Amino acid sequence: MTLTRRVALRAGVLSAGALLTGCATPKETTGSAANVARPIAEDLAGRRPVPSFQLLTKVASEDPSRYEQSRLIVEAWQDAGIPVELTAIRGAELTARTFTGKDFDVSVTTYDPTAERLDPDNFLSRFYSANATAEGSNLSQYANEDYDKLYEAQRGAIDESERMRLVAQAQQMLYQQQPARPIVHMLIGGAYRSDRWDRVTKAAGSPVANIWNLLSATPKTPRRGLVLGTTFEPPSLNPVSVEVSEAQIPLSYIYDSLVRIGRTGAVEPWAATKVAVDGARITAKIRTGMRFSDGNPVMPGDVAFTIDYLKKQESPLFASKLEIVSSVEVDGDAVVITLTAPSASFVPVVLTQLPILPRHVWEKVSDAARYANDEPVGSGPLSFGSRRLGDQLVYTANRQHFAAPKVDSVTFAVLGSLEAEIGALESGEIDMLGDFMSATLLKKLAATDGVEVMSVESHGWVGLHYNVSRKPFDDRHFRRALSFLVPSQDIIDVVFEGEGNSAGSVIAPSTKWYDKPLKAFPTSQKTAMAELRKGGYAFGEDDRLYFPSSSTDRRIYDSKQAGS
């Protein structure tokens, strides 16, 4: 069955009216481009054809779900006359071309529901113009002064009700301007061998594979080593050089942070027994008796050193987050962090991730980017054991830790695909799934003896990033046209077998920060053609899409390279 036919047979879609009102309206039946009024050019003089562009995604063998979503999107765009080609590459190259290189046209991206993303600042910061750099987190390279003002205001709003109002306005702006097109908030699944392990319970974000279960899992058998499967191998054991949050998670077991996101999603004390916020001044009292894995005590000076060091070394993941720090000082058993302005997100986003580095190790490292850190020294509940690249990463229990695990060791076994990981759990080769994955993939495990499946509604999202620094994606009308063509419900029905919700905002409905009036972004080929017409685009008799001529150009730009 073709995509067009699936769309026509759906129970319903949202019309363009929903885009303005945020309310569901009666269904609009969409059809092929031949049945939808296209903008037609009476004269092609002064017009250039819109060149074919690439939709970048991960190869099917690594992520079949993402690949199938991408295929459906490309089919829908081509059906409407949009010149696009699907390009599938391996995960490492995809990360290099998107997050660290910005060398793409459009990319299908999955944001896992990591703990720090429960705070709205994480996703909103990804559209802040200061982060629209080659190394920055603004994947779309979006730049809009009005949005920047909203973003900065919500970050500094200590009053929660005021912050919620500003976060809602920021969501509305992104919804209208579409630098990214969230498609689905998945149901996230996890599973473990309940015949071998006890005291495994759900947690926000990742229902099974999380720090809390690594610490609480209690063996039912004599074997005291917990084995997790994963398709993701940390690119480095160096916490200073990691570039994305997903790469920092495996290191967070080795390196303590001042606070952590608890099972319920709330910030909880960790290496700091108390964190007090007084305007732009944050005081963290350091827990006594903590030691690094080499026996040296953890001191407030290690925390102060860490902040200064990460800034000085221009850490890809942390330097931009720490720019707001004007000073950090030691005051007895506490660390006092002074910010340039109050920040509502600094504790839940920055301090929950910030690794406490042992000063006596890192002060000897002049160039952290080149430091392998093959045998990391940290104070966390798990200590580094051994590593075989492409095979496994082994942690040992830190029995002296204030939250020592029940297990003797935790091993992450590197597997080739999500299917291999699921199969390894089913056969008993591993004890727990270590990757974020959709609940759809785990349906067959539900009937497996000795396996328990858990799921939670994701606060992450799957969707498109348009590279706003490239034509024609620098134009708001063109991006909106593409977004109207994305077959969201078909993706949910076909790829996720109904296990997910159509997305409208980068903030998930499962969080308190979601702007409730925003509904799922509509799918409508008719409205997409209207957007192209508004921007001055038109199709020629050759069925090619053309840029506006000088007399019809009504494009709206949202990038640092606007109109170039």
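What span should the 18 residues of helix H7 (residues 160-177) have at 1.5 Å a residue, and how far apart are its end C-alpha atoms? The points below take up this question and then other features of the structure, which is a predicted model.

1. Helix H7. The 18 residues of H7 should span 26 Å at 1.5 Å a residue, and the end C-alpha atoms are 26 Å apart, so the two values agree. The buried residues of H7 are Arg 163, Leu 166, Val 167, Ala 168, Ala 170, Gln 171, Met 173, Leu 174, Tyr 175 and Gln 177.

2. Gln 178 sits in the loop between H7 and strand S4 (180-193). Its relative accessibility is 1%, and because buried means under 20%, Gln 178 counts as buried.

3. H7 against H14. Helix H14 (residues 476-485) packs on H7 at an angle of about 85 degrees, and the two axes are 8 Å apart. H7 is therefore roughly perpendicular to H14, since angles of 65 to 115 degrees fall in that class. On the H7 side the contact involves Tyr 175, Gln 176 and Gln 177, and on the H14 side Arg 476, Arg 479 and Arg 480. By class, this contact of H7 with H14 has 1 nonpolar, 2 polar and 3 charged residues. Of the H7 residues named here, Tyr 175 and Gln 177 are among those buried in the helix.

4. H14 against H16. H14 also meets helix H16 (residues 525-535); the axes come within 8 Å and cross at roughly 170 degrees. This makes H14 roughly antiparallel to H16, because angles over 145 degrees count as such. H14 contributes His 477, Phe 478, Arg 480, Ala 481, Phe 484 and Leu 485 to the contact, while H16 contributes Gln 525, Thr 527, Ala 528, Glu 531, Leu 532, Lys 534 and Gly 535. The residues of the contact of H14 with H16 divide into 6 nonpolar, 4 polar and 3 charged. Arg 480 of H14 takes part here and also in the contact with H7.

5. Lys 471 and Pro 472 are joined by a cis peptide bond, with omega about 0 degrees. Pro 472 lies in the loop between strand S20 (461-466) and H14.

6. Aromatic pairs. The count of aromatic pairs comes to 24. In one of them, Trp 270 and Phe 402 have ring centres 4.9 Å apart and planes at 65 degrees, so the pair is edge-to-face. Trp 270 is in the loop between strand S9 (267-269) and strand S10 (272-278), and Phe 402 is in the loop between strand S15 (392-397) and strand S16 (409-414), so the pair ties together parts that are 132 residues apart in sequence. Trp 270 counts as buried at 5% relative accessibility, whereas Phe 402 is partly exposed, with a relative accessible area of 33%.

7. Aromatic cluster. Phe 53, Trp 77, Tyr 466, Phe 473, Phe 478, Tyr 537 and Phe 547 are linked into a cluster by ring pairs. Phe 478 of this cluster is also one of the H14 residues in contact with H16.

8. Helix H10. H10 (residues 300-312) has 13 residues and reaches 19 Å from its first C-alpha to its last, close to the 18 Å expected at 1.5 Å a residue. Its buried residues are Pro 300, Asp 302, Val 303, Ala 304, Phe 305, Thr 306, Ile 307, Tyr 309 and Leu 310. They pack against strand S11 (281-286), strand S12 (325-331), strand S13 (334-339) and helix H12 (359-362). Just after H10, Glu 314 takes a positive phi of about 55 degrees.

9. The loop between H15 and S21. Glu 497 lies in the loop between helix H15 (488-494) and strand S21 (500-502) and has a positive phi of about 50 degrees, although it is not a glycine. At 46% relative accessibility, Glu 497 counts as partly exposed. Val 495 is placed in the loop between H15 and S21 and, at 13% relative accessibility, counts as buried. Not counting residues up to four places away in sequence, Val 495 touches Ser 65, Glu 68, Gln 69, Leu 72, Thr 440 and Asp 490.

Conventions:
Residues are numbered from 1 along each chain as its sequence is written. This is a predicted model: local features need pLDDT of at least 70, side-chain atom pairs count only at pLDDT 80 or more; totals for chains, interfaces and linings use all residues. Side-chain values use heavy atoms; hydrogens and water are left out. Helices (H or I, at least four residues) and strands (E, at least two) are DSSP runs, numbered from the N terminus. The expected span of a helix is 1.5 Å times one less than its number of residues. Buried means under 20% relative accessible area, exposed over 50%, partly exposed in between (1.4 Å probe, protein chains only). Axes are lines fitted to C-alpha atoms, for helices over the stretch in contact, and angles run from 0 to 180 degrees between N-to-C directions. Angles under 35 degrees count as roughly parallel, over 145 as roughly antiparallel, 65 to 115 as roughly perpendicular and the rest as oblique. Contact means heavy atoms within 4.5 Å. Ala, Val, Leu, Ile, Met, Phe, Trp, Tyr, Cys and Pro count as nonpolar, Asp, Glu, Lys and Arg as charged, and the others, Gly among them, as polar. Rings of Phe, Tyr and Trp (its six-membered ring) pair if their centres lie within 6.5 Å; planes under 30 degrees apart count as stacked, over 60 as edge-to-face and the rest as tilted.
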